[in-house]
Amino acid sequence: MVDTTPERRGGRQLPTAEELRIWRDFVETTEALTSRVGSRLQVDSSLSPGDYAVLLALSEAKERRMRSAALAAQIGWERSRLSHHLGRMERRGLIRREECATVPRGAEVILTPAGAEAFQRSTYPHLRTIRELFVDALTPDQLRAAGDIARALREHLGPRADE
């Protein structure tokens with residue numbers, strides 16, 4: 001007789017009811033937090049979370065420019081998604097794209113003065129929201145534990161396939 005209990009199917013032990021409850025709490029809370037932070041960013045600055053991620057990466061880049069492929073990898077997006085998003089940002093004057101002089105068919109994304117100003121205006125309200133919705137909700141020990149958990153998960157997942 002073959003053991004077909006859920007724990008034994010596929011040769012791997014499945015999560016327990018308690019582990020699944022913790023997983024769902026984690027996922028649902030992360031989604032709610034991400035949604036609230038994103039909504040506040042949009043209301044406070046008219047920037048989407050995607051806009052902010054692009055502007056942050058460019059603001060930290062050497063000469064405020066990056067190759068598209070490197071930008072996509074840094075923010076964890078597929079290149080096609082980034083390309084469409086950059087088109088919208090370019091129409092709003094936040095970034096501009098230029099052909100890369102050193103790489104055939106490569107493009108560089110450049111932070112415009114308007115993009116730098118929009119990012120600068122959004123930073124304080126965005127950081128205040130992070131403080132209010134995330135940092136202030138946790139004790140210092142819980143905050144350190146959250147950092148440890150995030151680091152452990154990132155290490156377990158390893159590099160993304162596009163890195």
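This is a short tour of one predicted model, stop by stop.

**Colour by confidence**

Start with the whole chain. The average pLDDT is 91, and 91% of the residues score at least 70. Now select residues 1–5. Here the pLDDT is below 50. Beyond near neighbours in sequence, this stretch has two contacts in the model.

**Helices α2 and α4**

Next, show α2, residues 49–60, together with α4, residues 79–91. Two packed helices are described by the angle between their axes and the distance between the axes. In this pair the axes come within 11 Å and cross at roughly 90°.

From α2, select G50, D51, V54 and L55. From α4, select L82, H85, L86 and M89. What is the make-up of this contact in nonpolar, polar and charged residues? Five are nonpolar, two are polar and one is charged.

**H85**

Stay in α4 and centre on H85. Is H85 buried or exposed? Its relative accessibility is 9%, under the 20% cut-off, so H85 counts as buried. Now display its surroundings, leaving out residues up to four places away in sequence. H85 touches S48, G50, D51, V54 and W77.

**Helix α3**

Move to α3, residues 68–75. Select L71, A72, A73 and I75: these are buried. Which elements do the buried residues of α3 pack against? Show α2, β1 (65–67), α4 and β3 to see the partners. Both helices of the previous stop, α2 and α4, are among them.

Then step to G76, which follows α3. Check its backbone: phi is positive, near 75°.

**T112**

For the last stop, find the loop between β3 (107–111) and α5 (113–133). T112 sits there. With a relative accessibility of 10%, T112 counts as buried. Follow its side chain, which reaches the backbone nitrogen of G115 at 3.0 Å.

**Before you close the viewer**

H85 lies in helix α4, whereas T112 lies in a loop. H85 counts as buried, and so does T112.

Notes
Residues are numbered from 1 along each chain as its sequence is written. This is a predicted model: local features need pLDDT of at least 70, side-chain atom pairs count only at pLDDT 80 or more; totals for chains, interfaces and linings use all residues. Side-chain values use heavy atoms; hydrogens and water are left out. Helices (H or I, at least four residues) and strands (E, at least two) are DSSP runs, numbered from the N terminus. Buried means under 20% relative accessible area, exposed over 50%, partly exposed in between (1.4 Å probe, protein chains only). A polar contact is a pair of N or O atoms within 3.5 Å; within protein, one must be able to donate a hydrogen and the other to accept it, and residues adjacent in sequence count only if both atoms are side-chain atoms. Axes are lines fitted to C-alpha atoms, for helices over the stretch in contact, and angles run from 0 to 180 degrees between N-to-C directions. Contact means heavy atoms within 4.5 Å. Ala, Val, Leu, Ile, Met, Phe, Trp, Tyr, Cys and Pro count as nonpolar, Asp, Glu, Lys and Arg as charged, and the others, Gly among them, as polar. pLDDT is the predictor's confidence in each residue, from 0 to 100.
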